[in-house]
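Hello,

Here is the structure we talked about. My notes follow below it.

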Amino acid sequence: MLSLRGIGDAVLSILPRSVADMSYWRWFNRPHHPFARILIGVFGLALLAGVIALGFLALVAFAVIGTIVAIVRALSRAATLHPAPPRQPNVIEGEFVVLPNRTASFKH
């Protein structure tokens, strides 16, 4: 069983011991050994290069697949197009409605 003195000592060991300790920002505790720092830096650069390479490969894959799809669609449209039937010059093509031939009465 812990005494109150033991709990107090545990709390005091967590708290900073000086103002300099409080103002030191520890985002990532880097190792002190120079070889370990170099090794972590090289590993980070290799990881960054791998992510960039995968992104570039994905971009190339999307471009190739998009080009193939565009070519296939263009060829299928060219194969299914039928020549238009000959047009007669006195026929108006389109949708239209025939209106009755009566004039509107205008009363004042």
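L54, F56, L57, L59, V60, V64, I68 and V72 form a nonpolar surface patch of about 790 Å². A patch takes residues with over 30% relative accessible area and no salt bridge, joining like charges within 9 Å and nonpolar side chains (Val, Leu, Ile, Met, Phe, Trp, Tyr) within 5 Å. A salt bridge is a Lys or Arg side-chain nitrogen within 4 Å of an Asp or Glu carboxyl oxygen. I68 sits in helix α3 (residues 34-80).

This is a predicted model, with local features needing pLDDT of at least 70, side-chain atom pairs pLDDT 80 or more, and totals for chains, interfaces and linings using all residues. Residues are numbered from 1 along each chain as its sequence is written, and side-chain values use heavy atoms, without hydrogens and water.

Mean pLDDT (the predictor's confidence in each residue, 0 to 100) is lowest among the elements in helix α1 (residues 4-14), at 55, and highest in α3, at 94. Where pLDDT is low, the predicted coordinates should not be read in detail.

Regards

Technical notes. Accessible areas come from the Shrake-Rupley method with a 1.4 Å probe; for residues, only the protein chains shown count as cover. Helices (H or I, at least four residues) and strands (E, at least two) are DSSP runs, numbered from the N terminus.
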